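Sequence and model come first, then my notes.

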Amino acid sequence: LLENGVNVINLSYGDDSPTGNYSSKSAYMDFVVNTYKVSIVASAGNTGESDAYVANPGLGYNVLTVGACSSSNSYARSFSSYKENNGPRKPNITAPGYSINLTPFSGSQNGTSFSAALTTGCVALLMEKYPDLKYCPERVMSLIMASAKDGTDGCFANGLNEYIGAGALKFDKAVQNH
């Protein structure tokens, strides 16, 4: 991907048994962001109903990590991971990842992988509309988080909500706020 000059990378995967500890996988993604000026979007993981630990590489400090919500509100779905032992507070935002219908598959799908993919698409559209964002991953992350919909009525601890980060992805607001 780096050799082909991409500007945004989707990482809809994570550790099989996440521990919530910042690891070399996340450190490498931080290196990629800083060195190549590429925006990276990662899924938080789907262990919310068990240990709830965010998976690596989603614990990267410079990685936009996405939890899952429904399309109707910003509240995290019960399966969406949100805990960390060491490293930055995650997830950064939530995006729809619940009851996703994909043709030609039957039934609906759930998971933060869908949330990260949707967010990656929105980041790509932002970069298409505003080319100055292509080599400024820190601005992309700031813009997405600052434009998020806070579904908690402002009840944030240390700036971010434990379950939804800055809130739900609001693409239209991100376009307006650029």
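**Entry 1**

I started at A117, which touches N10 and S12 when residues up to four places away in sequence are not counted. By contact I mean heavy atoms within 4.5 Å. I note that this is a predicted model, where local features need pLDDT of at least 70 and side-chain atom pairs count only at pLDDT 80 or more, while totals for chains, interfaces and linings use all residues. Residues are numbered from 1 along each chain as its sequence is written, and side-chain values use heavy atoms, with hydrogens and water left out.

I placed A117 in helix α2. Helices (H or I, at least four residues) and strands (E, at least two) are DSSP runs, numbered from the N terminus.

I then looked up a distance. A117 and N85 are 32 residues apart in sequence, and their C-alpha atoms are 25 Å apart in space.

N34 was my next stop, in helix α1. N34 is partly exposed, at 46% relative accessibility. Between the C-alpha atoms of N34 and L59 I read 15 Å, for 25 residues along the chain.

**Entry 1: Strand β2**

How many residues of β2 are buried? I counted 5 of the 5, so β2 is largely enclosed by the rest of the structure. I checked each face. S39, V41 and S43 are buried on one side, and I40 and A42 are buried on the other.

I also looked for a partner. Strand β1 (residues 8–11) pairs with β2 in the parallel sense, over 4 bridges. Two strands pair if DSSP finds at least two bridges between them. In this pairing V8 stands opposite S39.

**Entry 2: The cavity**

I searched the whole structure and found 1 cavity of 30 Å³ or more. A cavity here is a set of points, on a 1 Å grid over the protein atoms alone, where a 1.4 Å probe fits but cannot get out; lining residues have an atom within 4 Å of a point. Grid points are joined across faces, edges and corners, and a volume is the space filled by probe spheres set on the points.

The largest cavity has a volume of about 50 Å³. Which residues line the largest cavity? I listed S39, I40, V41, N62, L64, V123, P137, V140 and M141. The elements giving two or more residues to this lining are β2 and α3 (137–146). By type, I sorted the lining into 7 nonpolar, 2 polar and no charged. In this sorting Ala, Val, Leu, Ile, Met, Phe, Trp, Tyr, Cys and Pro are nonpolar, Asp, Glu, Lys and Arg are charged, and the others, Gly among them, are polar.

**Entry 3: Cysteines**

A disulfide is a covalent bond between the sulfur atoms of two cysteines. I took the cut-off as a pair of cysteine sulfur atoms within 2.5 Å. My count was 0 disulfides.

C122 is buried at 12% relative accessible area, and C136 is buried at 18%.

**Entry 4: Backbone exceptions**

Most residues other than glycine have a negative phi, and most peptide bonds are trans. I looked for exceptions.

K90 and P91 are joined by a cis peptide bond, with omega about 0°. P91 is in the loop between β3 (64–69) and β4 (93–96). T103 and P104 are also joined by a cis peptide bond, with omega about 10°. P104 is in the loop between β5 (100–101) and β6 (108–109).

A52 lies in the loop between β2 (39–43) and β3, and is buried at 1% relative accessible area. S99, another residue other than glycine, has a positive phi near 60°. I found S99 in the loop between β4 and β5, partly exposed at 37% relative accessibility.

Key:
Buried < 20%, exposed > 50% of the residue type's maximum accessible area, 1.4 Å probe, protein only. 1 Å grid on protein atoms, 1.4 Å probe; cavity = no way out; pocket = protein on both sides within 12 Å on 5 of 7 lines; lining within 4 Å.
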